[in-house]
Amino acid sequence: MTTTAMLLTGTIKGAVGAGAPVDLGNAALDLSIEEDTKELADYQNPGGGSIASLSRIKSVTLKLKLWSISKENLALATRGTVSGNSIEALTQTAEDWHITFDGVNEVNGDAVAYDFYKVKFSPASSLPGPGTEDFAVLELTGKVLKDTSKTGAGVSQYFKATITPAV
């Protein structure tokens, strides 16, 4: 097995449910998987240890950083709607989003794609305002949820990653 470093660039798109995907602009994503582990202590022998262990996935979290501060991205960040040049905040309930990434590993030219079937975002915890010397960014956190329409042996109901080697 060859060890390959990874530095990704590409496009992140989002769609509400089965709607048309929209380019989220200059953006980054980060995936974290939280594990819940149960252990049965060995009470029969001095010195302890474990006699059994069970590990389950507790949650999968997707974080997006959006530097493209568009009306559509502000509406996503505030669970709002776009009305002309305005965003009416807190007018929508949380919706299921389909998030995709299509890009390239700059280290070796491999094509890399991520497909998150069902993500429910929380509203942004803060919005960009004056008084900062950095570029504004919208930070969104969402839970990757089970998509029961994905079926079959070895098929994930949460997300998939595809790496296509460069020719």
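This is a predicted model: local features need pLDDT of at least 70, side-chain atom pairs count only at pLDDT 80 or more; totals for chains, interfaces and linings use all residues.
Two rings of Phe, Tyr or Trp (its six-membered ring) make an aromatic pair when their centres lie within 6.5 Å; planes under 30 degrees apart count as stacked, over 60 as edge-to-face, and the rest as tilted. On that basis Phe101, Tyr114, Phe116 and Phe159 come together as one aromatic cluster. Residues are numbered from 1 along each chain as its sequence is written, and side-chain values use heavy atoms, with hydrogens and water left out.

Searching the whole structure turns up three aromatic pairs. One of them joins Phe101 and Tyr114, tilted at 35° between the planes and 5.8 Å centre to centre. Since Phe101 belongs to strand 7 (residues 96-105) and Tyr114 to strand 8 (residues 111-121), this pair ties together parts 13 residues apart in sequence. Helices (H or I, at least four residues) and strands (E, at least two) are DSSP runs here, numbered from the N terminus. As for cover, buried stands for under 20% relative accessible area, exposed for over 50%, and partly exposed for what lies in between (1.4 Å probe, protein chains only). Phe101 is buried at 7%, whereas Tyr114, at 22%, is partly exposed.

The charged end of Lys150 sits over the ring of Tyr117, 4.6 Å from its centre; the test is NZ of Lys or CZ of Arg within 6 Å of the ring centre and within 35 degrees of the ring normal.

Now for the chain as a whole. It has one helix and ten strands, in the order β-β-β-β-α-β-β-β-β-β-β from the N terminus on. Along the principal axes, the C-alpha atoms fill a box of roughly 70 × 45 × 40 Å. Buried residues make up 22% of the 167.

Arg79, with phi of about 50°, is in the loop between helix 1 (71-78) and strand 5 (81-83) and is partly exposed at 26% relative accessibility. Leu90, with phi near 60°, is in the loop between strand 6 (86-88) and strand 7 and is exposed at 68%.
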